[in-house]
Amino acid sequence: KDVDFGSLFVEYQAMTDKVFGITLGVEYIPGEATLGAKSRTDTASDAEETDDSSGTYTAKAQVSNHMAVYIEPTIGNEWFGVYAKGGLSRVTVETLESIANGTDSSAYGDEGVFGWMAGVGMKAKHSSGLFLKLEGLTIDYDKVTLLGSGGNANYIEAEPEQDSVRLAIGFAF
């Protein structure tokens, strides 16, 4: 699902010489984003069934509390450079299902998930301190396994990932 979002970040940049530099950063994405939603409607197949699990079942989740730490080795100078980006990200996956129908309903908890990030980008800085960054980034999260409590103890497995093109605007002190 495509989602536009803003983030807050703090970075420390050091030039090791006139060509190479390194940036260390921390990023936080406020708010939530829905991962998707699917619905299924079940009806009783015949009068011989012992329970009635008829109804609409909706599975959906959202992510929140997205935090990341990263490093950006840079080739360039103080005003323009290209960089590779690598780091670690963590996000909370919150389940928002509506599946309380019949005797086979289950509830699923929330889970924190870690992921590895990798990307490339370029940045330019004006003499006033204003800077721009344009990057392509992929985050590959660990597998999420949510076990149902109650009912028939179903489970959900997912392998979330994030691919993004990002434009950042900042101010260097």
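Select Asn65 to begin, a residue that lies in strand E3, strands being DSSP runs (E, at least two residues) numbered from the N terminus. Asn65 has a positive phi of about 55° although it is not a glycine, and most residues other than glycine have a negative phi. At 40% relative accessibility, Asn65 counts as partly exposed, that is, between buried (under 20% relative accessible area) and exposed (over 50%), with a 1.4 Å probe and protein chains only. The model is predicted, so that local features need pLDDT of at least 70 and side-chain atom pairs count only at pLDDT 80 or more, while totals for chains, interfaces and linings use all residues. Residues are numbered from 1 along each chain as its sequence is written, and side-chain values use heavy atoms, with hydrogens and water left out.

Next, select Val91, Val93, Val113, Met117, Ile139, Tyr141 and Val144, which have the most contacts inside the largest nonpolar core, a set of 14 residues; such a core consists of buried Ala, Val, Leu, Ile, Met, Phe, Trp, Tyr and Cys residues joined through side-chain atoms within 4.5 Å. Strands E3 (55-76), E4, E6, E7 (130-141) and E8 (144-149) each give two or more residues to this core, and E3 gives the most, with four.

Centre the view on Val113: leaving aside neighbours within four places in sequence, Val113 is in contact (heavy atoms within 4.5 Å) with Ser89, Arg90, Val91, Val93, Tyr141, Asp142 and Val144.
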